[in-house]
Amino acid sequence: MRLQCISCRAEYEPDPWLFRCPRCGGLLEVMYEDIDPAPTQGHGVWRFRNALPPVGRMISLGEGNTPLIKLEVPRRRDVYLKFEGANPTGSFKDRGMAVAVSIALDAGAKAVLAASTGNTSSSAAAYAARAGLRSIIVLPRGRVAKGKLFQAMLHGASIVEVEGSFDEALRAVIEYIEGEKGLVYPVNSFNQWRLEGQKTLAYEAAAELGDAPDYVIVPVGNAGNISAIWKGFKELYQAGVTSKLPVMIGVQARGASPLATMTERGLREPAWFDKPETVATAIRIGRPINWQRALEAVRESGGTFISVSDDEILEAQKTLARKEGIGVEPASAAPYAGLLRLDAKIPKDSTILLVATGHALKDPGIRVETEIQLAVTITDAIKFIKKIAISV
Ligand code: AN7
C-alpha cells in the first residue's frame, strides 16, 4: 500500500498523519499493489477488508449493506436508489468513519476532530464513542439540522461553534492540524483513509446490480463521496469484476454550487461561494476541499456537475417520500432532482444509480404541507376519518 499525491503523483509510505503531499501540497490517495474486492465474512465495511487499509482493530457499527431500492415512478427506466439513510447514524458517513476511526486508534490518537455541516458530526461522535475516543466537532453556528446536532450531543461530542459557514469551520480544523499532530485525529474527507470506507458503496451496488450502473448521481458538498465512489468503481473495473465504468454526475444546490458553476461557465477553477446558501444544509459548502479529486472523477468518467434549485430539491424530496415511500433529507434528494433535469440527455436503456446519502429524520425542520384536523371527541375523530375515507 502507498499514498499517492493526486496532483504531482509523488508516492509515499503509508502514514496515518499524512494528508498532503510534502512536495506540492496536493491531497493524497490510497493505492494498493493488489486488492480483492470480493466481500468476506465480517462486520460492516470490513467485509471488504481485502480492499481496505489493514488496521489493528476494525471499528464497526454494522455500516453498509444499505437497501438498494428500484424506483416505481420513472417508468421505462431502471432507476435504483442506494438508501444510505439506513446506516447506523443515518448517513453514508458511517462507511468512512468505520475506517477513519480505526486508523485514529492505530495512530495513537485520543480524540477525533471534524468540521461538519451535521452528518459527519453524528457519525464521528458515534464511532469515536464506539472506539473509546473523545470527539471534537466544529460546527457553523445555527446552521446544522436538529437531528444531526442531537446525535453529536447524545454521543458525547465536545462542540465548538463558529460564526460563519462550514468552510470556516473546516479552516479551523486544518489550521489546528498543521500545528499539532499526535493527539487529535482529523476525520474530515481530506482524510484519504476515510474515503476508502466510502468507496464500499460502489462495491455493494455493483454486486447487487450484477455490474456497474451506467450513471451514478451523487449530491456534492465537500466532494469527497463522489470521488470515493468513483475510486471504488475504478477498482472493480480494474479487478475485472465489472464490465464497464459509470458516468459520474455530481449535483450541487444552486446557492452552493462552485463546481457546477465552474462547469457551466467553462472555468479552470471552482467558482468559490463565500456565503453558500441552500435549504440542503448538508451540502451548504462553498469551498469543497476535494474539488480536484471530484473534477477528475467527473472528467474521467465523461460526466458533469449540475446544480438544482431549492424548490427542485424540496419537490424531489416530496416525490421520493410520497410516491416511493423513501424518506431522505434535502441534500439526498438532490440526485433525484438532478435526474429529472437531465432526463432527456440520458439514454432510455441506461441503469441509473441515485445515492441517497442521509435519512429524512436528520432534518425535521423542513416545512411540509399536510392537513391536520383536531378532533375534540372520539365521535369527532370518527367523523373526520369518514370524511377522509370518502375522498381516498
Ligand atoms: C446527506 O457532514 O460535509 O460531497 O460535514 O451530509 O462528500 O461532502 C456532509 C456532506 C451529501 C456531501 N449528502 O458529501 C458534513 C458534510 C449528505 C451529506 C453530502 C453530505 P461530500
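This is a predicted model: local features need pLDDT of at least 70, side-chain atom pairs count only at pLDDT 80 or more; totals for chains, interfaces and linings use all residues.
Helix H3 spans residues 146–154, and its residues Gly147, Lys148, Gln151 and Ala152 are buried. These four lie on the same side of H3 because they cover an arc of only 135° around the axis. The other side of H3 carries Lys146, Phe150, Met153 and Leu154, which are exposed. Among the elements that cover the buried residues of H3 are helix H2 (119–131) and strand E8 (158–162). Just after H3, glycine 156 adopts a positive phi of about 90°.

**Packing of H1 and H2**

Two packed helices are described by the angle between their axes and the distance between the axes. Helix H1 (residues 93–106) packs with H2 at an angle of about 45°, and their axes are 9 Å apart. H1 is therefore oblique to H2. The crossing in which H1 passes H2 is right-handed. The residues that meet are listed by helix below.

| Helix | Residues in the contact |
|---|---|
| H1 | Lys93, Asp94, Met97, Ala98, Val101 and Leu105 |
| H2 | Asn119, Thr120, Ser123, Ala124, Tyr127, Ala128 and Ala131 |

By class, this contact of H1 with H2 comprises eight nonpolar, three polar and two charged residues.

**Leucine 314**

Leucine 314 belongs to helix H10 (residues 310–324). Its relative accessible area is 29%, so leucine 314 is partly exposed. When residues up to four places away in sequence are not counted, leucine 314 touches Val279 and Ile366. Valine 368 stands 54 residues from leucine 314 along the chain, and the C-alpha atoms of these two residues are separated by 9.1 Å.

Technical notes. Residues are numbered from 1 along each chain as its sequence is written. Side-chain values use heavy atoms; hydrogens and water are left out. Buried means under 20% relative accessible area, exposed over 50%, partly exposed in between (1.4 Å probe, protein chains only). Helices (H or I, at least four residues) and strands (E, at least two) are DSSP runs, numbered from the N terminus. The arc is that of the directions from the helix axis to the C-beta atoms. Contact means heavy atoms within 4.5 Å. Axes are lines fitted to C-alpha atoms, for helices over the stretch in contact, and angles run from 0 to 180 degrees between N-to-C directions. Angles under 35 degrees count as roughly parallel, over 145 as roughly antiparallel, 65 to 115 as roughly perpendicular and the rest as oblique. A crossing is left-handed if the near helix is turned anticlockwise from the far one by less than a right angle, and right-handed if clockwise. Ala, Val, Leu, Ile, Met, Phe, Trp, Tyr, Cys and Pro count as nonpolar, Asp, Glu, Lys and Arg as charged, and the others, Gly among them, as polar.
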